[in-house]
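Subject: Structure handover: salt bridges

Hello,

Here is the structure I said I would pass on. My notes on its salt bridges follow below.

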Amino acid sequence: TQAFRSGLRGNPKQVTTTAHLFFTSTPSNDNGQESYTVISTYNRQGICTGQKMFSTGGTLIGTAEYKFDRNGNVYEIDYTGEYDDLATRLSYTYNSFGKWQSCRTYQGGFRQTELITYRYNTDNRVDQIQEFSSSNLLRKTEEIIYNAAGQDSITLFRDRRGKITSRNLYS
């Protein structure tokens, strides 16, 4: 399964956390950050199946619902707004090894705004990630080159024309 596990011991059914979203010029609390509370719901295997986000005043501002296939892979995540309208949908596909093959983002649940594809090498490690626009035009490519030990050693970032825009070297 993908990384939606709680990391908590035991089988929690619900966990409440407070997240600090961003700094503001007009602070809403002591440290100048907008805050919201997240209540996450888990299944018996400890996998997050949904979340509700609340403002500091207790108003529901959004939800996330995770849908899983028979292999335990999340295939769809629906994010709703404060009026229970479908704001964003993420739709995942997997290869025969259970690895991400693509992720499509839909605004309003239906208009595709982004497609990300993943390619794997013979060791089943990601060696290319490509991002496409809503009209399926290539925006950028990330290439990951591994050393002999199988660790990523160079990451190249290319624009839509294939020109290298930046690179990261790892030792």
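A salt bridge here is a side-chain nitrogen of Lys or Arg within 4 Å of a carboxyl oxygen of Asp or Glu. The model is predicted, so local features need pLDDT of at least 70 and side-chain atom pairs count only at pLDDT 80 or more, while totals for chains, interfaces and linings use all residues. Residues are numbered from 1 along each chain as its sequence is written, and side-chain values use heavy atoms, with hydrogens and water left out.

The search of the whole structure gave ten salt bridges. Three of them are described here.

In one, aspartate 123 pairs with arginine 125, and their closest N and O atoms are 3.7 Å apart. For accessibility, buried means under 20% relative accessible area, exposed over 50%, and partly exposed in between (1.4 Å probe, protein chains only). Aspartate 123 is exposed because its relative accessibility is 53%; arginine 125, at 31%, is partly exposed.

Another salt bridge joins aspartate 78 to lysine 67, with 3.5 Å between the closest N and O atoms. This pair links distant parts of the chain, eleven residues apart: aspartate 78 lies in strand β5 (residues 74–80) and lysine 67 in strand β4 (residues 60–68). Strands are DSSP runs (E, at least two residues), numbered from the N terminus. Aspartate 78 is buried at 7% relative accessibility, and lysine 67 is partly exposed at 23%.

Lysine 140 also forms a salt bridge, to glutamate 131, with the closest N and O atoms 3.7 Å apart. Glutamate 131 counts as buried because its relative accessible area is 15%, whereas lysine 140 is partly exposed at 46%.

Regards

Notes
Helix = DSSP H or I, 4+ residues; strand = E, 2+ residues; numbered from the N terminus.
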